[in-house]
Amino acid sequence: DYSLNITTPPCINPSGISVGSITTNSASVTFTVTGTAYVEYGPVGFTPGTGATAGGGTVVSGASGVTLPGLTPNTIYDVYVRQDCGGGIFSGNTSGGNFHTLCVTVNTFPFTETFETTSTTRLCWTSAIESGTVNWTLGAGSGNGGTTTTAHGGTVNAQNFFNGNTGTVAKFVSPPFNFSGFNPLFGAQISFWYVNQAWFGDQDELRVYYR
């Protein structure tokens, strides 16, 4: 004799979750599902809900490319996606990680960046490797065993050390500034504290660009 068991197929968790088209107040979430998906987003560390019910975030539904509206500038969000397989059956939540909405243009001056954890604008700075493998980080002093072990003020500064990686180029880009209220005869001025570790006469180079 044989026993035949007919069961409901499992509702597969979404895959390939990616967040893009990020602006100051919106973002788009893409993913791979076979049906409708529920995307839940909210503050970092929130607990997502189940089915079509929200937990600690906000839920939107649709096909891949769901737009998350009404976001707050300069804010980190967690995002989860779950699939609706019909008949009241839903997959589990799959984390899409977190993303950071863009910062609004700085219009108030003077502007000071401390890079401390209390800074409301330090997440507005973006780093990018142009060549090599070493990127900008936030820490105390010059790092990499250098003689400067503390920040000039506070506890944190921006740092980029090459550690023998000749040819490494990395950029550290500020949030956008609006200088339209400045007198064009005088323009704007930037100043900063800077330390460069001397490695037996082998010096790193710092360049400042604007556009």
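Biologist: What is the pairing when the bonded cysteines of the protein chain are numbered in sequence order?

Modeller: Counted in that way, the bonded cysteines pair 1-2, 3-4, and please keep in mind that this is a predicted model. Searching the whole structure turns up two disulfides.

Biologist: How do you know that cysteine 11 and cysteine 85 form a disulfide?

Modeller: The sulfur atoms of cysteine 11 and cysteine 85 lie 1.9 Å apart, and a disulfide requires the sulfur atoms to be within 2.5 Å, so the pair qualifies. The torsion about the S-S bond of these two residues is about 90 degrees, and the disulfide is therefore right-handed. It links distant parts of the chain, since cysteine 11 sits in the segment before β1 while cysteine 85 belongs to strand β6, 74 residues apart.

Biologist: Is the link of cysteine 103 and cysteine 124 left-handed or right-handed?

Modeller: With -90 degrees about the S-S bond, the link of cysteine 103 and cysteine 124 is left-handed; the sulfur atoms of this disulfide are 1.8 Å apart. Both cysteines lie in the loop between β8 and β9, so the pair ties together parts that are 21 residues apart in sequence. Cysteine 103 and cysteine 124 are both buried.

Biologist: What makes glutamate 40 and arginine 82 a salt bridge?

Modeller: The closest N and O atoms of glutamate 40 and arginine 82 are 3.1 Å apart, and the limit for a salt bridge is 4 Å, so the name applies. This pair also links distant parts of the chain, with glutamate 40 in strand β3 and arginine 82 in strand β6, 42 residues apart. Glutamate 40 counts as buried at 0% relative accessibility, and arginine 82 counts as buried at 0% as well.

Biologist: How many salt bridges does a search of the whole structure find?

Modeller: The search finds two salt bridges, among them one in which the side chains of arginine 207 and glutamate 205 meet at 2.7 Å, N to O. Arginine 207 and glutamate 205 are both exposed.

Biologist: How many aromatic pairs are there by the rule for rings?

Modeller: The count comes to 14 aromatic pairs. One of them joins phenylalanine 109 and phenylalanine 179, whose ring centres are 5.4 Å apart and whose planes stand at 40 degrees, so the pair is tilted. Phenylalanine 109 lies in the loop between β8 and β9 and phenylalanine 179 in the segment after β12, so parts 70 residues apart in sequence are tied together. Phenylalanine 109 is partly exposed at 26%, and phenylalanine 179 is partly exposed at 41%.

Biologist: Why is the pair of tryptophan 136 and phenylalanine 172 called stacked?

Modeller: The angle between the planes of tryptophan 136 and phenylalanine 172 is 10 degrees, with 5.2 Å centre to centre, and planes under 30 degrees apart count as stacked, so that is the term used. Tryptophan 136 lies in the loop between β9 and β10 and phenylalanine 172 in strand β12, 36 residues apart.

Methods: Residues numbered from 1 in each chain as written. Predicted model: local features only at pLDDT ≥ 70, side-chain atom pairs only at ≥ 80, totals over all residues. Heavy atoms only, no water. Phe/Tyr/Trp six-rings, centres within 6.5 Å; stacked < 30°, edge-to-face > 60°. Helix = DSSP H or I, 4+ residues; strand = E, 2+ residues; numbered from the N terminus. Buried < 20%, exposed > 50% of the residue type's maximum accessible area, 1.4 Å probe, protein only.
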